[in-house]
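Trainee: I am new to this structure and would like to go through it step by step. Could we look at it together?

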Amino acid sequence: MSFPRTALTATILASALALTACAGENADADAASSDAETLRIDYATYNPLSLIIKDQGWLEEELDGEVEWVFSAGSNKANENLRANAIDVGSTAGSAALLARSTGTPIQTISVVGNVEWTALVVPQDSDIESVEDLAGRSVAATRGTDPYFFLVQAVEEAGLELSDVEVQNVQHADGFTALNNGSVDAWSGLDPIMAGGEADTEFLYRNVDLNTYSFLNATEEFIEDSPEVAQTVVDTYERARAWALENPEETAQLLADEADIELDVASIVIEERSGFDISPVPGDEQAGVLANIAPIFVTSGDVDSQETVDAALETLFAPQFAEQASAE
């Protein structure tokens, strides 16, 4: 389903106002339901809405208990913390969420944060690599278990190569950029905002927004079952942040610039051109379709034993009731 930008923005802004209006009416009920709850939630530079919520202190206002913020350097780190039950809510790429559930991490997606273009293949400006086919026999930095890694796998396959034709250096995103700069690798499957910050010294080898798998907000099943009111508050607050970001793109870019230590004009590119906030938060058919296309890669790469396992994980990945309620309000 597609949503015209003007109509959806108006809906989001109206939703935020409605949530604010309802807060006073439901204060006593909310306090009773969330009394002494401790929420452990991540924030990440690849999820600018999390930066808004953390900066504004909205969750601390809404919840009676403590809010513990944990930084995620990548989807893989968020998944590690979700698996270890170190956080209740974490932000990842859609591909990373599906992989985590396919390999036994009991998480579900409670909201879609954005239709992002946050990854692409990049090379140094003076590189002799002119196409994905030229990566054969070359080294590429990518973080396993994240969208940049699966972007690389898909791009290589599209080019008629096997992943084994490429030497993949499994390093964290920032280390991959460093490796590209010092010549340790020939290419990097990048991630914003690091990728956007390095554009002065690099060039895009291959971009394809359709190979990006959305930005997801995930929660552990235990948290969803034990604290549904808090889960709803988290999703409601994300919708408040979405409305704020659409209304205040410059301020949102400044928050990202400060957190990621990048120039404001670079952060503005990420926010205004690549974050895709203006979409429905409800996980559904569009996201499932993208993930169904990427699911076989989990099996061929050896990350998951069988296609049946991935299919079962996809069928149970989404918990749309929280985003549906937030949209209705």
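Trainee: Which residues of α7 are buried?

Mentor: This is a predicted model, in which local features need pLDDT of at least 70, side-chain atom pairs count only at pLDDT 80 or more, and totals for chains, interfaces and linings use all residues. Residues are numbered from 1 along each chain as its sequence is written, and side-chain values use heavy atoms, with hydrogens and water left out. Helix α7 spans residues 147-158, where helices are DSSP runs of H or I with at least four residues and strands are runs of E with at least two, numbered from the N terminus. Taking buried as under 20% relative accessible area (exposed is over 50%, partly exposed in between; 1.4 Å probe, protein chains only), the buried residues of α7 are D147, P148, Y149, F150, F151, L152, V153, Q154, A155 and V156.

Trainee: On which strands of the sheet does helix α7 pack?

Mentor: The open sheet has 5 strands in the order β7-β6-β8-β5-β9, with mixed pairing, and two strands pair if DSSP finds at least two bridges between them. Its edge strands, each pairing on one side only, are β7 (167-170) and β9 (202-206). Counting a contact as heavy atoms within 4.5 Å, helix α7 touches β5, β6, β7, β8 and β9.

Trainee: In the pairing of β5 with β8, which residue stands opposite L121?

Mentor: Strand β5 (residues 121-124) and strand β8 (residues 187-189) run antiparallel and are joined by 2 bridges.

Trainee: Over which residues is the pLDDT below 50?

Mentor: The pLDDT is the predictor's confidence in each residue, from 0 to 100; its mean for the chain is 90, and 88% of the residues reach 70 or more. Where pLDDT is low, the predicted coordinates should not be read in detail. That caution applies to the stretch with pLDDT below 50, which has 35 contacts in the model beyond near neighbours in sequence and covers residues 1-36.

Key
Axes fitted to C-alpha atoms, helices over the stretch in contact; angles between N-to-C directions.
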